[in-house]
Amino acid sequence: MADNKLDQLARESIDAFNRSDWDAIRAMLGPGYVYEETGTGRRCEGVDETLAALQAWKSAIPDGRGEVLRVVVDGDTVVLELVWRGTQTGPLAAGAGELPASGRSFEALAVMWTQWSGDQLVSERHHIDVLSMLAQLGALPAPA
């Protein structure tokens, strides 16, 4: 598949999350899909488990949006550099507990490695700066 086609598909995956378009995301995910968040330790296998995790993020941060800064395509792999922004207005699952709604906004950098089979997404590894996000939300002391 042409590099520009995968670039477009990868960007659309972020746009679909931004719009909370769960049907579009469901249609995009291929058989055996796996999602990993290295910052949280979360691993989701399959469409339903992944959609539940994404919906939980949107429940805690309804205005959460990703902005794609850079894209690199190599074969069937697409790497996205992103900045995530939003305001935490609902409880957020945070490892061993739950972070109550803070009403605070955050901005966190991330990199997503995505693997494609044709026009279907088969795996994602999401490296998000959770430490900075939690500090901005007031869950951790701000760095000195």
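**Exercise 1.** Which residue in β8 does E36 stand opposite?

*Solution.* This is a predicted model. Begin with the two strands: β1 covers residues 29-37 and β8 covers residues 120-128. They pair in the parallel sense, over 5 bridges. Within β8, the residue opposite E36 is R125.

**Exercise 2.** In what sense do β7 and β8 pair, and over how many bridges?

*Solution.* Strand β7 is made of residues 105-117. Its pairing with β8 is antiparallel and has 8 bridges.

**Exercise 3.** What is the order of the strands in the open sheet?

*Solution.* The sheet has 6 strands, in the order β2-β1-β8-β7-β4-β3, and its pairing is mixed. At the edges are β2 (42-45) and β3 (65-74), each of which pairs on one side only. From one strand to the next, the twist averages 15°.

**Exercise 4.** Which residue in β4 is the bridge partner of E67?

*Solution.* In β4, the partner of E67 is V83.

**Exercise 5.** Which strands does helix α1 touch?

*Solution.* Helix α1, residues 3-18, packs on the sheet and touches β3, β4 and β7. The direction of α1 makes about 160° with that of β3. Helix α3, residues 47-60, also packs on the sheet, touching β1, β2 and β4. The direction of α3 makes about 135° with that of β2.

Conventions. Residues are numbered from 1 along each chain as its sequence is written. This is a predicted model: local features need pLDDT of at least 70, side-chain atom pairs count only at pLDDT 80 or more; totals for chains, interfaces and linings use all residues. Side-chain values use heavy atoms; hydrogens and water are left out. Two strands pair if DSSP finds at least two bridges between them. Helices (H or I, at least four residues) and strands (E, at least two) are DSSP runs, numbered from the N terminus. Axes are lines fitted to C-alpha atoms, for helices over the stretch in contact, and angles run from 0 to 180 degrees between N-to-C directions. Contact means heavy atoms within 4.5 Å.
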